[in-house]
Amino acid sequence: MALRDTVLIGQFVPASSALHRTRAETKILMTLGLIVSAFLSKSFAVQSFLYFVLIILLLLSQVPLRFYAKSARAVLWLVLITFVFNALLTGSHVLWQIGWLAFKLEGVVQGAFFGLRLFFVIFASTVLTVTTSPVDLADGLNNLLRPLQRVRVPVEEFSLIMTIALRFIPVLADEADRIVKAQKARGLTLSGGVMQRIEKLIPIVVPLFVSAFMKAEDLALAMEVRGYVPGVRRSKYKVTRFGVRDIGFAFMTLLVVVVSVALREVWTFSL
Amino acid sequence: MLRNTRMLAEAGVMVALSLALWYLNVGRLPQGGSISLQMLPLLVFALRWGVGPGLAVGVAYGLLHSLQDLYLVHPIQYVLDYPLAFGLIGLAGIAKGLRVSKGVSVALALVILLAGIGLYQYTMNGVLDVNEQISAITSSMATATGAQLSELQSQLEDLNSKAQLFPVGAYVVLVATLLAGLAIIYGAWKRSYKTPVELGVVLGGLGRFAAHWVSGYVFFSQYAPEGMNPWLYSAIYNFLVVAPSTFLSLALLLLVWPALERASSGNPH
């Protein structure tokens, strides 16, 4: 079985929802707006509002919840540890006590808030990566960074590096797998002490790099043959335009930020 | 900076190789956690093409890595942990084209070691000074009143934070310089060629560590309760992440560098 079938790039889940069909640029800005809103204040009102928005987005994405659960699980321990540490170490009003462990009111409130915010940020960024393919994301990111070209940041070349990289990940993963198997067939065993193991990696690493250099050389040649000139603005095969959907999501983001700012003094806690 | 088709093609392929190595966990050590060879292609690229392209490739890798395995708790943390941390691996490119003999490398390592110990001593003396000032202010606070008292209090807070921060900084500098010095001596002892691979790798590793360290501080100061020193926790944690990866890359790169230089016929030099 070829590795390109098993290596799933990113968390992208293909579908044709409204969010999927929105431009990557819009979605990146939207995610940024949501995250900034979450960090603007220590207000529970803002958090509940943002969770409301998040639920709408989750529904709009038409992606089964289990894909989101994967990234939520990754931070679950962090959230729990944050909560317990805060509950035990912050504040003075003891809420309940188990032996010498005293949970304090202020700490519980603060821990709950931090946990909620952490979950929100994780979910909000997962909405972006689940509904946008890595190629679109890289493209969108580069379009957003385009103004940096004025200060001589080579955005165009940078975008090319990312595109090549995305295309070659499965190729090289395949190659690496093949080389490891080939060397194992010749009797290589990856066991022993640390230094021994490192020395045993040589017959894997050297062919891998040699093959990568060769691929790069072929690729450079192929690019030049097709008329690639570094530093010249490239045209695109697929041209997408900003549509009504993009304007809608951008407006919604603006609204969320404004409401978050307006609510920042409601249901706050002070420490 | 990036005006060479061959370089661009190689940059893309090296980023892909890093990601592939990270997926497959090639070279994962026992009990290694997330230690894999992902840094190796980035270091090789920086050593071949220099700092500028190395930085660009690191940033590209960081962004793509973040698309695969996003861990976002704070906007600043994101920038520090992904584009910047991996971008700074490109600092390894400083060693590009340098010709340094073993003796010079060892001498440099000794200078770094001595400088580290000196800085540690100096900072620790500073801590003693601060402690003296703290006790002086506490004793004068007993007699002070009104506005004077509040001014002394703010001074005291300032000094207390200094007393916390200085020793941490001193320890981190000491450990980092010790390890960097040892790594450079090890590298100089292992290699039989003139390119100072070890200097590049150490610089790249330190760059990555610095970015993760600051990001850890941002994170811990956001989420950790009061009473924990965020600088110290971040330093220890990130040290355990970055140092093993760097040393694995260094040990391997020292062994394979001559073969890689021979393999790249379209040599940039």
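In the predicted model, M252(A) is in contact with M30(A) and V53(A), leaving aside its neighbours within four places in sequence. M252(A) sits in helix α9 of chain A, which covers residues 244-262. K184(A) lies 68 residues from M252(A) along the chain. The C-alpha atoms of these two residues are separated by 56 Å.

The overall form of chain A was examined next. Chain A has 9 helices and 2 strands. Read along the sequence, its elements follow the pattern α-α-α-α-β-β-α-α-α-α-α. The radius of gyration of chain A is 25 Å. The globule rule gives 18 Å for 271 residues, and the value for chain A is well over this, so chain A is more spread out than a compact globule. Along the principal axes, the C-alpha atoms of chain A fill a box of roughly 70 × 55 × 40 Å. Of the 271 residues in chain A, 47% are buried. Contacts in chain A between residues at least 6 apart in sequence were also sorted by separation. Among them, 74% join residues at least 24 apart.

Two loop residues of chain A stand out by their backbone angles. Most residues other than glycine have a negative phi. Q62(A) is not a glycine, yet its phi is positive, near 55 degrees. Q62(A) belongs to the loop between α3 (44-61) and α4 (65-89) of chain A. Its relative accessibility is 57%, so Q62(A) counts as exposed. The cut-off for this class is over 50%. R152(A), also not a glycine, has a positive phi of about 65 degrees. R152(A) is found in the loop between α6 (134-145) and α7 (155-185) of chain A. R152(A) counts as exposed because its relative accessibility is 78%.

In chain B, helix α2 is mostly covered. Of its 11 residues, 11 are buried. The buried residues of α2(B) include M39(B), L40(B), P41(B), L42(B) and L43(B). R48(B) and W49(B) are also among them. Just after α2(B) comes G50(B), with a positive phi of about 105 degrees.

Chain B and chain A meet at an interface. The contact takes 62 residues from chain B and 64 residues from chain A. The size of an interface is often given as the accessible area lost when the parts come together. Here chain B and chain A bury about 5,400 Å² between them. Carbon and sulfur atoms account for 82% of this buried area.

The rule finds 1 salt bridge across the interface of chain B and chain A. E217(A) forms a salt bridge with R6(B). The closest N and O atoms of this pair are 3.4 Å apart. Across the interface of chain B and chain A, 2 residue pairs are in polar contact, both at pLDDT 80 or more. On chain B, the side that touches chain A draws at least two residues from each of α1 (5-24), α2 (39-49), α3 (51-68), α7 (197-223) and α8 (230-263). The most comes from α1(B), with 17 residues. By class, the side of chain B that touches chain A has 47 nonpolar, 10 polar and 5 charged residues.

Definitions and conventions. Residues numbered from 1 in each chain as written. Chains lettered and ligands numbered in written order. Predicted model: local features only at pLDDT ≥ 70, side-chain atom pairs only at ≥ 80, totals over all residues. Heavy atoms only, no water. Contact = heavy atoms within 4.5 Å. Buried area = accessible area lost by both parts, 1.4 Å probe. Salt bridge = Lys/Arg side-chain N within 4 Å of Asp/Glu carboxyl O. Polar contact = N/O pair within 3.5 Å; in protein donor to acceptor, adjacent residues only side chain to side chain. Helix = DSSP H or I, 4+ residues; strand = E, 2+ residues; numbered from the N terminus. Nonpolar A, V, L, I, M, F, W, Y, C, P; charged D, E, K, R; others polar. Buried < 20%, exposed > 50% of the residue type's maximum accessible area, 1.4 Å probe, protein only. Rg over C-alpha atoms; globule rule 2.2 N^0.38 Å.
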